[in-house]
Amino acid sequence: MFSILTLALAVGCKSRDFNGELRGKMSNPDAKQSPCLEIINPKAPYTPEIFVEQLTSAMNQAAAGKIFEKENFRDMLFADDIESAARGTLKQDILRGDSCSLVRAINESMSKPSHFYWLTGNGRTSSGGLAIYKGDVFAEGFYRNRAAGVEGSLFPRRRYNQEELLGRQPWFEWNSQSKKFSPRLGSPATRILTHISSEQGSNAFTLYRGTNSKYTDKGAALATLNSFPFGVNTGGIFSTSSYEKAKGWANPVLLTSRINPKILQDAFTSQKMENRKTAPVYVGIEFDYVEIAFLYSPGDQENIFFDNVTSKCVVSEKAQGSEASLAASCR
């Protein structure tokens, strides 16, 4: 198998490693390429060259320092590159792709997550890869891929239990002073929520959840295990800091929750639910948005997201029958 990503570049730059569009067509390598018009934002944390150099170095450091095991690299790289990564001998050309596309991703990541390195076999589905968000680099779709595992020789991964989903997420923290990445293994919750807090400028985190009319009710939503399992007997109530993403999920209801940071801080742990007073919270990156899941057991009477809901609205174009009267229309 080849360690090659399919790609689609809006400005016609030639590449074979970075993908700027999930459902893009394969670029014609023989076609005439138009000039790249992308310019790095002067306030960006790094240039593409520094980014590739330092991220490769950090991956090798993660292996040499035994911070990552071979399995952890599977969340970010193709199977063909895992052995080199695990030996700490990864080369920069693995990550060095089209600089035009990478400039675009770095610029975008200053305001929202940017999924720039796709683990994809056909250009239409993604089994993870790498996402940048405000300088840091995360394993994209960590929950999506690890909750069930990934089959196939390009990007095999085993299924994780609850403790692993909460505490075995690989990511890289960017230090703006040293201009280097530090490899991390564990929950990136505090780091990601620091970024969200700087964006929202508030003493409370505002999160959104799109759902249907039935599961707008906390009792109904927590009554049984949903389709987002964390282990065997625990589910997740997913939300995001992106209003537009949540609005897209709404069917037709969108819930808004404002949560005290101190409440969340106690929940950022990999400890098992039966040993805690407050259920854990999962935080990660999926595609181009932050996802935050509030864990629960079927029949729970409390849930951090639901207990702090401040308002709900209805996406009118999705409403049917009496659903339009459930709440005011979303903006």
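Trainee: Which residue forms a salt bridge with Glu173, and how far apart are the closest N and O atoms?

Mentor: This is a predicted model. Glu173 lies in strand β4 (residues 170-175), and its partner, 11 residues apart, lies in strand β5 (residues 180-185). The partner is Arg184, and the closest N and O atoms are 3.3 Å apart.

Trainee: Is Glu173 buried, partly exposed or exposed?

Mentor: Buried would need a relative accessible area under 20%, and exposed one over 50%. Glu173 has 21% relative accessibility, so Glu173 counts as partly exposed.

Trainee: Which residue forms a salt bridge with Asp307?

Mentor: Asp307 sits in helix α11 (residues 304-307), while the partner sits in helix α8 (residues 218-223), 89 residues apart. The closest N and O atoms are 2.8 Å apart, and the partner is Lys218.

Trainee: How are the axes of α1 and α4 oriented to each other?

Mentor: The axes of helix α1 (residues 48-64) and helix α4 (residues 99-109) come within 10 Å and cross at roughly 85°. Angles of 65 to 115 degrees fall in one class. The two helices are therefore roughly perpendicular.

Trainee: How many charged residues are in the contact of α1 with α4?

Mentor: On the α1 side are Pro48, Phe51 and Val52, which meet Ser99, Leu102, Val103 and Ile106 in α4. These residues divide into 6 nonpolar and 1 polar, and the number of charged ones is none.

Trainee: What share of the chain counts as buried?

Mentor: The chain has 11 helices and 11 strands. Of its 331 residues, the buried share is 51%.

Definitions and conventions. Residues are numbered from 1 along each chain as its sequence is written. This is a predicted model: local features need pLDDT of at least 70, side-chain atom pairs count only at pLDDT 80 or more; totals for chains, interfaces and linings use all residues. Side-chain values use heavy atoms; hydrogens and water are left out. Axes are lines fitted to C-alpha atoms, for helices over the stretch in contact, and angles run from 0 to 180 degrees between N-to-C directions. Helices (H or I, at least four residues) and strands (E, at least two) are DSSP runs, numbered from the N terminus. Angles under 35 degrees count as roughly parallel, over 145 as roughly antiparallel, 65 to 115 as roughly perpendicular and the rest as oblique. Contact means heavy atoms within 4.5 Å. Ala, Val, Leu, Ile, Met, Phe, Trp, Tyr, Cys and Pro count as nonpolar, Asp, Glu, Lys and Arg as charged, and the others, Gly among them, as polar. Buried means under 20% relative accessible area, exposed over 50%, partly exposed in between (1.4 Å probe, protein chains only). A salt bridge is a side-chain nitrogen of Lys or Arg within 4 Å of a carboxyl oxygen of Asp or Glu.
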